[in-house]
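Here are a few friendly notes to read alongside the model. They go from the overall picture to the side-chain pairs, so please keep the viewer open as you read.

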Amino acid sequence: MKKPLIALTLLSAALLPNFASAADYTIDTQGAHASINLKVQHLGYSFIKGRFNTFDGTFSYDPANVAASKVNVNIDTTSLDTNHAERDKHIRSNDFLDVKKYATANFTSNKVIDKGDGNLEIQGELTLHGQTKPLSIDAHFVGEGDDPWGGYRAGFTGTTRIELADFDIPVMGASSFADLELHVEGIRQ
């Protein structure tokens with residue numbers, strides 16, 4: 001009876017690392033430790049910067065198995081804030097984002113590629129303005145560890161460019177694109 005139990009224990013120990021899953025994190029938007037920022041060229045003369053004030057999301061991350069990582073983020077497009085109320089009202093209108101019709105955007109990853117030295121390529125799909133298109137994010141792992149409140153955190157930065165025409169959003173001023181800068185800190189669940 002002892003031999004089958006020992007064999008089962010050894011087999012379980014040998015297979016367990018292969019079935020280990022990435023740690024799950026909730027993006028810390030409550031503590032304002034995450035942001036989705038944007039930059040759009042204005043009339044060809046300067047850039048307008050803004051952010052989405054309301055979003056949430058989760059990610060899974062295992063530094064030993066980066067390919068098992070996943071990201072899901074939901075954005076409240078009505079929360080767009082460029083620090084100018086009249087401009088925000090116009091961008092939110094049906095001239096551009098049409099937030100009455102498309103109040104949310106979503107990014108869901110389908111592949112994470114480890115490019116070495118903490119650099120990642122996060123491939124997935126962005127749903128914005130009623131359109132779902134592939135999107136790739138150049139990301140960088142900032143670090144992970146214990147926090148002062150008894151939790152454990154991991155943080156990343158990322159950048160990507162959205163071509164407005166891909167999402168049927170008219171050109172804003174002289175800009176056919178919006179650059180996004182992402183800062184994400186998650187609390188392990």
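1. Let me start with the surface. The protein exposes about 11300 Å², and carbon and sulfur atoms supply 55% of that area. Please bear in mind that this is a predicted model. Of the 189 residues, 37% count as buried.

2. Next, the fold. The protein has 2 helices and 11 strands, and along the sequence they follow the pattern α-β-β-β-β-β-β-α-β-β-β-β-β. Among contacts between residues at least 6 apart in sequence, 51% join residues at least 24 apart. Several of the pairs below can be read with that in mind.

3. How many salt bridges does a search of the whole structure find? The search gives 5. One of them joins the side chains of Arg 153 and Asp 28, at 2.7 Å from N to O. This pair links distant parts of the chain, 125 residues apart: Arg 153 belongs to strand E10 (residues 152-163), while Asp 28 is in the loop between strand E1 (23-27) and strand E2 (35-42). Both Arg 153 and Asp 28 are buried.

4. Arg 153 also meets the side chain of Glu 185 in a salt bridge, again given as 2.7 Å from N to O. Glu 185 lies in strand E11 (residues 177-188) and Arg 153 in strand E10, so this pair ties together parts that are 32 residues apart in sequence. Why does Arg 153 count as buried? Its relative accessible area is 11%, and the buried class means under 20%. Glu 185, with a relative accessible area of 24%, is partly exposed.

5. Another salt bridge pairs Arg 161 with Asp 179, with the closest N and O atoms 2.7 Å apart. Here, too, distant parts of the chain are linked: Arg 161 is in strand E10 and Asp 179 in strand E11, 18 residues apart. Arg 161 counts as partly exposed at 42% relative accessibility, whereas Asp 179 counts as buried at 18%.

6. Now to the rings, where the structure holds 5 aromatic pairs. Tyr 25 and Phe 59 form a stacked pair, 4.8 Å centre to centre with 10° between the planes. Tyr 25 sits in strand E1 and Phe 59 in strand E4 (residues 55-61), 34 residues apart, and the pair links these distant parts of the chain. Tyr 25 is buried, with a relative accessible area of 2%, and Phe 59 is buried as well, with 5%.

7. Tyr 61 and Phe 141 form a stacked pair too, with 5.1 Å between centres and 25° between the planes. Tyr 61 lies in strand E4 and Phe 141 in strand E9 (residues 131-146), so the pair ties together parts that are 80 residues apart in sequence. Tyr 61 and Phe 141 are both buried. Which residues form one aromatic cluster? They are Tyr 25, Phe 59, Tyr 61, Phe 141 and Phe 156.

8. Finally, two places where a charge meets a ring. Arg 161, the salt-bridge partner of Asp 179, lies over the face of Phe 177, at 3.6 Å from the ring centre. The charged end of Lys 39 sits over the ring of Phe 47, 4.6 Å from its centre.

Notes: Residues are numbered from 1 along each chain as its sequence is written. This is a predicted model: local features need pLDDT of at least 70, side-chain atom pairs count only at pLDDT 80 or more; totals for chains, interfaces and linings use all residues. Side-chain values use heavy atoms; hydrogens and water are left out. A salt bridge is a side-chain nitrogen of Lys or Arg within 4 Å of a carboxyl oxygen of Asp or Glu. Helices (H or I, at least four residues) and strands (E, at least two) are DSSP runs, numbered from the N terminus. Buried means under 20% relative accessible area, exposed over 50%, partly exposed in between (1.4 Å probe, protein chains only). Contact means heavy atoms within 4.5 Å. Accessible areas come from the Shrake-Rupley method with a 1.4 Å probe; for residues, only the protein chains shown count as cover. Rings of Phe, Tyr and Trp (its six-membered ring) pair if their centres lie within 6.5 Å; planes under 30 degrees apart count as stacked, over 60 as edge-to-face and the rest as tilted. A charge sits over a ring if NZ of Lys or CZ of Arg is within 6 Å of the ring centre and within 35 degrees of the ring normal.
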